[in-house]
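User: Hi! Could you walk me through this model in plain words? I'd like to hop between topics as we go.

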Amino acid sequence: MHLQVKALVKTYGTFPALKGVSFEIDHGTVVGLIGPNGAGKTTLLKCILKLLRYEQGEILYDGQPLMSRKEIAREISYIPDQPVYYEELTLEENLNLYAMLSGLSRQEFLEKKQMLIEDLALAEHLGQLPDRLSKGNKQKMMIAMAFLKNFRLVLADEPFSGLDPVMIRSLKDLFGRVKKEKKTVLISTHLLDLAQTICDSYIFLDHGRILATGTQEDVLRIAGSSVEDKFCLEEAYMRLLQRK
Amino acid sequence: MEILGLLLKNKFRAYRRYLFKRSPFFGALLVFILFFTWEILPVIKANMEWLRPILPKIYHLLLVLIASRRILFSKHPPFCFSLPGLYFFFTTPVNHYLVLTGKLLLSYFPMLIISFGLSRLAAQLQAGFLHGAHLFFYLVATANFSWLLYNSNSKRIYLWRFFIFLAMLILIFLDLPSLFWLVCATGGFLLAINSTDKINWPKYESHCKLAYLTSKYFLNGDWGGLESLMYEYKEPPGPSLFFTRIYVSGYKAFTYGQILIMSRYPFLAWLIFLCQCAVAAFILQTKDFLPFFGGTLLLLSGIVSPFSLPVLKTIQKNEQGFFLPGGFIDFFRGMALFPLVVSFVVLMIILSILADRFNPIWHLAAPILPAVALSYLVVVKGVFRSVFSGWFIAGTLLFGLFFFFIRICFFRGVFLVLCLFIPYLFVSWRRMRIIYEGEHGV
């Protein structure tokens, strides 16, 4: 999915969370959304998902100005920063229900479920109630739910938080697979080393404004580094914040 | 002493804060208790003749229940540390023996109040022989035995529980001197304070956390916190072969989810549901409007409360990013189907009980429209989230009127209410759809 965000403005009361944010994401790319705490990353993701109303601006999905929440739910998968699940249902039942509600065929669901359970090492927790799971396992459940769906764009809000190194590797592989299928990924993260290894391009956000967008070369240029320099996302990020 | 002073200061500040913060709640509770006592006392006095022989039995039953709760079915410790208290207990070189003694002695204080209250009640009613000091030492002994059993790692724990319970049961009904109970309580106390090295710390810590957070959330009025705590400590359900074999899509998936969530409700919830329906059926026998309306409200809350919870949860989860591709029509159909079936059955039974004579066509036809209205109100309550929502109150009033006219077979009235229902349906439907699909969806 090709995503265009044009001059997006969002305020909470009198506090401006997004001050005219604009960027574009090509289909089949993995994009990192980078910024300090309170930069507006989660707000931006929620605006794209139409979970929040914004005052000004436009969001185009494949050139179309609007999709209903129903259409968005069909096309976009979301890994929220806080896990969302039915507390009374076990992990497996949550997955089953989510697949049913997402309209997956039984065969498709069984195949995907098996793959995700193996990839995310969830087999031993299937019969557990989610509230009894560790933070990392809850996160893995949310990732599994997001990847069950047939999406064209996935928005992930801090997807690596609470995961152990093996799971981080598995999730990186999952994102890589999604990219090969020409699906688009937008990841909000603070883990810059990790973002550098999986992202094709970056959006730097601070205090509701875009500091820089683009590929490694674009970011280096905007940050004032030489293109011949070895790209280091952390270095570029620090430079961008200082320049601001 | 300084440590004790600081601990007391912490307690005092916490209670003062809660008391000020929740003062309207405590005020309302006090008014309610006074009102209830004022209303209930004359009723009890008027029925004293037939209550008098029953009350001693109730009193004894209470004592047996306390023993069974503490000895036979006890899963939790009789006293808990606060979370910070436990942390300090673990991480500072305090005298564990002394702290545990203090904690045990403090835990007897509520028992003193309970035994005083119960003794006063028993004296008033001239019921029961275990009161006063007897009762206090009995309560202390059960608490001490409960603590010892809680920490026991004996393989025959269930046998121990059973024998101690049986012994206490026999002893309750023997008129033993209070000295006997004092010896039991003291023996249990000495064993308990010497149990520091036998405490199952991980289990105890988990229960202390539960007790501490429950009281904290309750005093803060944090119902969400209480709910999440309940789920955190809930045992995982057994494997459900029935539900895992079913795979449905579209609106049926919502019904499936609703049934699955409701199947996990505790038994008590279903008991309350049945009691509400039974009491409602009893009240609805009247043909006076006000009592009938009260019965209707009881019936409505009985059906709406359990069924609307899955609706509410799905709405909340949708807003948190649990994106469901089905539109509002799918959601509505899925969520209203199961309550519709249950409402139809319940209303059919109630109307059959209320009917003067047997008429199968009437018994089948009469519940249809009220059941549809009830299932609609289930979704309304879930989507608008509150019983105080204007939409739900308006729907409740219309339903009460509608059901009353059906009850007295006043069909012109039924038609009139149906005419009022149409604009209500149209506007509330649109509003619910906006909430479910977002502003852009409509």
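Analyst: Happy to. One term to begin with: two residues are in contact if their C-beta atoms, placed from the backbone, lie within 7 Å. This is a predicted model, so local features need pLDDT of at least 70 and side-chain atom pairs count only at pLDDT 80 or more, while totals for chains, interfaces and linings use all residues. Residues are numbered from 1 along each chain as its sequence is written, and chains are lettered from A and ligands numbered from 1 in the order in which they are written.

User: Thanks! With that contact rule, what does B:Tyr217 touch?

Analyst: Leaving out residues up to four places away in sequence, B:Tyr217 touches B:Asp222, B:Gly225, B:Leu226 and B:Leu229. B:Tyr217 and B:Leu229 are 12 residues apart in sequence, with 9.3 Å from C-alpha to C-alpha.

User: How many helices and strands does chain B have?

Analyst: Chain B has 20 helices and zero strands. Of its 442 residues, 28% are buried. Chain A has nine helices and nine strands, and 48% of its 244 residues count as buried.

User: What does the predictor say about confidence?

Analyst: The complex gets an ipTM of 0.74 and a pTM of 0.70. Chain B averages a pLDDT of 82, and 93% of the residues score at least 70; pLDDT is the predictor's confidence in each residue, from 0 to 100.

User: How many residues of chain B are in contact with chain A?

Analyst: 36 residues of chain B are in contact with 32 residues of chain A. On the chain B side, the elements giving two or more residues are helix 11 (223-232), helix 12 (241-245), helix 13 (251-263) and helix 15 (289-319). Helix 13 of chain B gives the most, with six residues.

User: And by class, what is on that side of chain B?

Analyst: There are 16 nonpolar, 12 polar and eight charged residues on the side of chain B that touches chain A. Here Ala, Val, Leu, Ile, Met, Phe, Trp, Tyr, Cys and Pro count as nonpolar, Asp, Glu, Lys and Arg as charged, and the others, Gly among them, as polar.

User: Switching to chain A: why is helix 5 described as largely enclosed?

Analyst: Because 12 of the 14 residues of helix 5 of chain A are buried, helix 5 is largely enclosed by the rest of the structure. Those buried residues pack against strand 5 (76-79), helix 3 (91-101), helix 4 (106-119), strand 6 (153-157) and helix 6 (165-180) of chain A. A:Ala144 is one of the buried residues in helix 5.

User: What does A:Ala144 touch?

Analyst: Not counting residues up to four places away in sequence, A:Ala144 touches A:Leu95, A:Leu116, A:Leu120 and A:Leu122. In the largest nonpolar core, of 127 residues, A:Ala144, A:Leu155, A:Phe204, B:Leu377 and B:Val379 touch the most other members. Such a core is a set of buried Ala, Val, Leu, Ile, Met, Phe, Trp, Tyr and Cys residues joined through C-beta atoms within 7 Å.

User: Now the strands. How do strand 3 and strand 8 of chain A run?

Analyst: Strand 3 (residues 30-34) and strand 8 (residues 201-206) of chain A run parallel, joined by four bridges. Two strands pair if DSSP finds at least two bridges between them. Strand 8 also pairs with strand 9 (residues 209-214) of chain A, in the antiparallel sense over five bridges. A:Tyr202 in strand 8 stands opposite A:Gly32, and the bridge partner of A:Tyr202 in strand 9 is A:Gly214.

User: What sits in the turn between strand 8 and strand 9 of chain A?

Analyst: The two strands form a hairpin with two residues between them, and A:His207 in the turn has a positive phi of about 50°.

User: Where is A:Asp62, then?

Analyst: A:Asp62 lies in the loop between strand 4 (56-61) and helix 2 (69-75) of chain A. A:Asp62 has a positive phi of about 55° although it is not a glycine.

Methods: Buried ≥ 20, exposed ≤ 12 C-beta atoms within 10 Å, placed from the backbone.
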